[in-house]
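Please prepare a briefing on selected packing details of the structure shown below, with the cut-offs for each term stated where the term is used.

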Amino acid sequence: MNQNRCWGTAFTELEINDALKNNRLLTAELELSRVCDLRCIYCYASSGEKLPDELDYNEVLDAINQCRELGARKIIILGGGEPMLYPRIMDVMRYIHDLGLEMELFTNGTRITPETASQIHELGVEPVIKFNSLDPDTQDMLAGKKGAYKDIRQGLDNLLSAGFGQDGRSMGAQTVICKQNYAELPQMWRWLRSRNIIPYFETITDQGRAKNQESMAVSPAEVGELFEKLSRIDRQEFDFHWEPKPPVAAFTCKRHFYSCTVTTTGSVIPCPGVDIPAGNIKEKKLADIISDSEVFRNLRNIRKTIKGACRDCDLNRECYGCRGMAHHVNGDYLSSDPLCWRRSS
């Protein structure tokens, strides 16, 4: 992993500025279905059952084509639920591969068999496992299902056996930061790094099922202390250098400059956290939705539109905090990140 990747983007400033100038994309996030075999207590989408108006297979392919036409070089499959439960998931991934696009797949891992791991390896997919604890009881509790830890670990092991984490074949682990796993996170960070698994440790956005889980909350000071500790571990033990800042450890979120999310029902939103619909691809072309949207326009000009302490922060050229957290806690996606320990007001 190079330093560019560690900072959270594989794109140059020139590429990002070109996407901004021309209302184009570099990546796009795609939800396939709300169906899920877990009931994670923090799930942003409150996933579980299929929605009645989800995109059909041809509409999914059309969404991918529209993203590509706008310049997207990578499709990030979120699922909305568990993407490996989508009936034609392999067809979708083969379609993306045949278009010559890169792929990330966010999965809870419970459906990753040795055969599946081998198939997605051949397709050049970068999998990211939702993995929240090395302790079985804690993982099961957060996943909302007894035995989840065993199934997740088996999926993770299958990916490692297929060759991920070796010879430049990246895989990651997405981990929410909460009271229940807070003490073990430095150990878990080392565990992942030592296996060449990219750790995505992030704060929980106050939406979906997380709204009813006050016991999971950590304070801004605790988040800051953790990020400082993880930065020291990376610097001293793995020779990775990064400045601690929210919302994801070792990464800089710039997604609003060059990305969008197409939800399982076709709504186009800036990201899963800023879930403000700008339009629906069943009714309007993606290019027109992004071009005509005030929320996309404001976020793409965030350096000028951002408010409060984030506007004057000494890191504001590299960081604009979590817009989803600002949206759900403050009711204003342009306000300062309420979970940032750097805020002076």
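Which backbone nitrogen does the side chain of threonine 107 reach? The side chain of threonine 107 reaches the backbone nitrogen of glycine 109, at 3.0 Å. This is a predicted model, in which local features need pLDDT of at least 70 and side-chain atom pairs count only at pLDDT 80 or more, while totals for chains, interfaces and linings use all residues. Residues are numbered from 1 along each chain as its sequence is written, and side-chain values use heavy atoms, with hydrogens and water left out.

**Threonine 107**

- Threonine 107 lies in strand β3, residues 102-107, where strands (E, at least two residues) and helices (H or I, at least four) are DSSP runs numbered from the N terminus.
- Threonine 107 counts as buried because its relative accessibility is 0%, the term buried meaning under 20% relative accessible area with a 1.4 Å probe and protein chains only.
- Leaving aside residues up to four places away in sequence, threonine 107 touches Glu82, Met84, Ile112, Val128, Ile129 and Lys130, contact meaning heavy atoms within 4.5 Å.

**Helix α3 against helix α4**

- Helix α3 (residues 57-69) and helix α4 (residues 89-98) pack at an angle of about 25 degrees, with their axes 11 Å apart; axes are lines fitted to C-alpha atoms over the stretch in contact, and angles run from 0 to 180 degrees between N-to-C directions.
- That angle makes α3 roughly parallel to α4, a label given to angles under 35 degrees.
- On the α3 side Tyr57, Val60, Leu61, Ile64 and Asn65 take part, and they meet Asp91, Val92, Tyr95 and Ile96 of α4.
- By class, the contact of α3 with α4 has seven nonpolar, one polar and one charged residues, with Ala, Val, Leu, Ile, Met, Phe, Trp, Tyr, Cys and Pro counted as nonpolar, Asp, Glu, Lys and Arg as charged, and the others, Gly among them, as polar.

**Helix α4 against helix α5**

- α4 also packs with helix α5 (residues 114-122), at an angle of about 20 degrees and with the axes 10 Å apart.
- That angle makes α4 roughly parallel to α5.
- Met90, Met93, Arg94 and His97 in α4 meet Gln119, Ile120 and Glu122 in α5, and by class this contact has three nonpolar, two polar and two charged residues.

**Helix α6 and what follows**

- In helix α6 (residues 136-143), the buried residues are Thr138, Gln139, Asp140, Leu142 and Ala143, and the buried residues of α6 pack against α7 (148-161).
- Glycine 144 follows α6 and has a positive phi, near 70 degrees.

Methods
Buried means under 20% relative accessible area, exposed over 50%, partly exposed in between (1.4 Å probe, protein chains only). A polar contact is a pair of N or O atoms within 3.5 Å; within protein, one must be able to donate a hydrogen and the other to accept it, and residues adjacent in sequence count only if both atoms are side-chain atoms. Angles under 35 degrees count as roughly parallel, over 145 as roughly antiparallel, 65 to 115 as roughly perpendicular and the rest as oblique.
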